[in-house]
Amino acid sequence: DRNLFEQEVSGEHKKLGQVFSKAANNSIRAINQRNFTLLGDPGIRLAYPKYNVVTTKVNDSLISAGADTIKAFTKMRFEGEIRDLSGNLVDDFEGIVGPTVYDKAIEYRTLKNDPGSKVTSFYLQNSAIYRGKVSVTDGKFFFEFVVPKDIDYRYGNGKIVYYAQSADADANGVNLDLIVGGSGKDQIRDSIPPTIEIFLDDTEFIFGGLTGENTNLLVNLFDENGINTVGNGIGRNITATLDEDTEKEEVYVLNDFYQAKLNSYQEGEIEYRLNDLEEGRHTVKVKVWDVFNNSSEAYTEFVVAEDADMALDHVLNYPNPFTTFTTFHFDHNKSGRHLDVTIKILSPTGRVIKTLFASNVAAGGHFQGINWNGKDDYGDTIGRGVYVYKVSVKSDDGTSATEYQKLVILK
């Protein structure tokens, strides 16, 4: 209801009880005029942002003088400010603003699924040309990006939506006056596809690593001119294909999950939750397009172990053999949980000569948090030879697992 956004003379928004009362009174002639119920405290206000985010310049020209059209193949620069409700610069605002630039609204039509229903048209403005994250210093910020080839070339109004945060305040804003369409005269040329890195749970993941039944797909992306998230071109979405060419194949469109890294339109990342995966080996392939429609793919494999039990894989130490220093590694299926890890070095006769311990470790899917200098529990250097070590891991959910491996000391 528009009453939600009305403000008092003081600049504060109305309380829920005031909004509710006014909405009910304004609907006096409606059929359902008595069907109003307020589920909440009438004396509180919603958490409206404290400040406004305003676009001030486009390509070094004041927005009030008429902004440049956002055209395909061109590089755009926007500047903006955080302002209070009186329009004054909030020069002590230090934080981050997330601008999202949208192409023109797209017409959609209902599917007429119910007998007797009519086909109805409606519009959504959901094609993101750019989605970023930039620093705000002294209440001011700027961001740049290259406009994708896949925009709608017809001229019309796009929009920029902002949300900003500092340590103790937030702000929002929108600009609906920018024109999107056409193609730039001084076009940038690019034939180099994006680079892609795929991980599961955390960036320590290795090909064929172990995960649980629920895991996070992490993708790091880079392209000189930026990643295409518009989605207007057929087949040019950011996609992840799980278990391709099998009966269980699933394709996920990840455009809306892409987030540019701070102060960069060239680097970005995706995080997408994969749930209820079956136990066993799986594959995932990610395909990405840059703003000039150059594409690239990356592929990895992973093994799912049931979350009910602790499972370890790729238990090793590196370097191995070693002389003065080695690090112990393993994959597990308890990403995000706290682990107690014990490593016991055993002599050829089975005697424990060194115990290493890490307590309450918040580990990702790959652990590498224990180092060893080749000395026993008394600080003495042990002799060269082949030794067995026992890795015991216990999770805070009560599950545990044990694995044995060998290491070689060269001295």
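Five residues, Asp-60, Lys-75, Arg-77, Glu-79 and Glu-144, are tied into one network of salt bridges, where a salt bridge means a side-chain nitrogen of Lys or Arg within 4 Å of a carboxyl oxygen of Asp or Glu. Keep in mind that this is a predicted model, with local features needing pLDDT of at least 70 and side-chain atom pairs counting only at pLDDT 80 or more, while totals for chains, interfaces and linings use all residues. Residues are numbered from 1 along each chain as its sequence is written, and side-chain values use heavy atoms, with hydrogens and water left out.

**Salt bridges**

- The structure has 18 salt bridges.
- Arg-83 pairs with Glu-81 at 3.0 Å, N to O. Glu-81 is buried because its relative accessible area is 16%, and Arg-83 is partly exposed at 25% (buried is under 20% relative accessible area, exposed over 50%, partly exposed in between, with a 1.4 Å probe and protein chains only).
- Arg-154 and Asp-152 meet at 2.6 Å, N to O. With a relative accessible area of 61%, Arg-154 is exposed.
- Glu-297 and Lys-287 form a salt bridge at 3.9 Å, N to O. Glu-297 sits in strand 23 (residues 295-304) and Lys-287 in strand 22 (residues 280-289), so this pair ties together parts that are 10 residues apart in sequence. Strands here are DSSP runs of E, at least two residues, numbered from the N terminus.
- Both ends of that last pair are partly exposed: Glu-297 has a relative accessible area of 45%, and Lys-287 has 24%.

**Negative patch**

- Asp-91, Asp-92, Glu-94, Asp-138 and Asp-168 make up a negative surface patch. Patch residues have over 30% relative accessible area and no salt bridge, with like charges joined within 9 Å; Asp and Glu count as negative, and the charge is placed at CG of Asp or CD of Glu.
- Asp-91 counts as exposed because its relative accessibility is 52%.

**A buried loop residue**

- Asn-255 is in the loop between strand 19 (250-253) and strand 20 (258-260). At 6% relative accessibility, Asn-255 counts as buried.
- The Asn-255 side chain reaches the backbone nitrogen of Ile-238 at 2.8 Å.

Terms used
Patches are made of residues with over 30% relative accessible area and no salt bridge: like charges are joined within 9 Å, nonpolar side chains (Val, Leu, Ile, Met, Phe, Trp, Tyr) within 5 Å. Accessible areas come from the Shrake-Rupley method with a 1.4 Å probe; for residues, only the protein chains shown count as cover. Helices (H or I, at least four residues) and strands (E, at least two) are DSSP runs, numbered from the N terminus. A polar contact is a pair of N or O atoms within 3.5 Å; within protein, one must be able to donate a hydrogen and the other to accept it, and residues adjacent in sequence count only if both atoms are side-chain atoms.
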